[in-house]
Amino acid sequence: MDDIKELSQSYILTPGASNAARRLPLSLLATQIIDLATRHANMLGFGSEVMDPQGIGWVLSRLTVQMERWPQTDTSYSITTWIENWNRRFSSRCFSVNDAEGNVMGYLRTIWMVIDVNTHRGVSTDTLNFREELISSRPCPIPLQSRHTTLEKLAGDTESGALSRSTYTFRYTDIDFYRHVNTVRYIELLLNQYTLEEFDKWMIERFEIAFMREALYGQEAVIHRLSHYGDVPSDDYVLTVDDTPVLRSRFRLMPVS
């Protein structure tokens, strides 16, 4: 049983997959942990083979990333995943990122929910063949996701308290097989609120994103940059569609070493 509580995958960061700073992109890390979680769920018996016939599927509700350092171009690294806990509404799944020598570079915590793929409404996890013995005792030693800044008013920059606002209309390549905006596309959109020069100076120490509802093809999003703390950038974001929050996010950056 212990052999299936965790699943690991090794990678090599190629130049073509690297970002401009020659490090693992946050967007690629998000793709890799989603793929690894899917493989592990399939292995444990509550993946696509079981869920597809029921018309249900997993969606990511929250993601927290905390890194001490990032894999660099032409280096090897591995990602390991395990289930932290489970209830009728959500499943908490964690990940560690390790270098080639097995040293921990960072951790991630994800919160997942089950939806009806036709109505996109939440479904109880009771429909799945989950067993308590599949929960791992391995710790995930990063703080839980913090409470994000809220957007009290949306009428304009002054009233909302936003430091800046930008807009984006979701296109074909932003949409996934659930026909809503893909998690990785949201992350890329948030990353693009920073400049190349900023990411030459800073790198991501902690990233949080929490989803309230879905966005769809053709909708225009407004990205509100709400706050900036201290000398080291720590920024809150709210993304809205039709003045309604779709997600909240927070970046905390650290100096490039």
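Angles under 35 degrees count as roughly parallel, over 145 as roughly antiparallel, 65 to 115 as roughly perpendicular, and the rest as oblique. This is a predicted model, in which local features need pLDDT of at least 70 and side-chain atom pairs count only at pLDDT 80 or more, while totals for chains, interfaces and linings use all residues. Residues are numbered from 1 along each chain as its sequence is written, and side-chain values use heavy atoms, with hydrogens and water left out.

**View 1. Helices H2 and H5 pack against each other at an angle of about 165°.** Let us start with the helices, which, like the strands below, are DSSP runs numbered from the N terminus (helices: H or I, at least four residues; strands: E, at least two). H2 covers residues 26-44 and H5 covers residues 183-191, and their axes are 9 Å apart. The axes are lines fitted to C-alpha atoms, for helices over the stretch in contact, and angles run from 0 to 180 degrees between N-to-C directions. H2 and H5 are therefore roughly antiparallel to each other. Their crossing is right-handed, a label used if the near helix is turned clockwise from the far one by less than a right angle, with anticlockwise giving left-handed. On the H2 side, Leu 26, Ser 27, Ala 30, Thr 31 and Ile 34 meet Thr 183, Val 184, Ile 187, Glu 188 and Leu 191 of H5; contact means heavy atoms within 4.5 Å. By class, six nonpolar, three polar and one charged residues make up this contact of H2 with H5. Here Ala, Val, Leu, Ile, Met, Phe, Trp, Tyr, Cys and Pro count as nonpolar, Asp, Glu, Lys and Arg as charged, and the others, Gly among them, as polar.

**View 2. Ala 37 sits in helix H2 and is buried.** Its relative accessible area is 5%, where buried means under 20%, exposed over 50%, and partly exposed in between (1.4 Å probe, protein chains only). Leaving aside residues up to four places away in sequence, Ala 37 touches Arg 93, Phe 95 and Trp 112.

**View 3. Strand S3 is mostly covered and pairs with S1 and S4.** Of the eleven residues of S3 (residues 76-86), eight are buried. Strands pair if DSSP finds at least two bridges between them. S1 (residues 6-12) joins S3 in the antiparallel sense over seven bridges, and Tyr 11 stands opposite Tyr 77 in S3. S4 (residues 91-99) is also antiparallel to S3, over nine bridges, with Ile 83 partnered by Arg 93 in S4. Four residues lie between S3 and S4 in the hairpin that they form.

**View 4. Strand S8 is largely enclosed by the rest of the structure, because nine of its ten residues are buried.** S8 spans residues 202-211. Five bridges join S8 to S2 (residues 56-67), and the two strands run antiparallel. S8 also pairs with S11 (residues 244-255) in the antiparallel sense, over nine bridges. Look for Ala 210 in S8: it is the bridge partner of Arg 62, and Arg 248 in S11 is a bridge partner of Ala 210.

**View 5. Arg 22 and Asp 242 have positive phi values.** Most residues other than glycine have a negative phi. Arg 22, in the loop between S1 and H2, has a phi near 65° and is exposed, with a relative accessible area of 63%. For Asp 242, phi is about 55°. Asp 242 belongs to the loop between S10 (234-241) and S11 and is exposed, with a relative accessible area of 69%.
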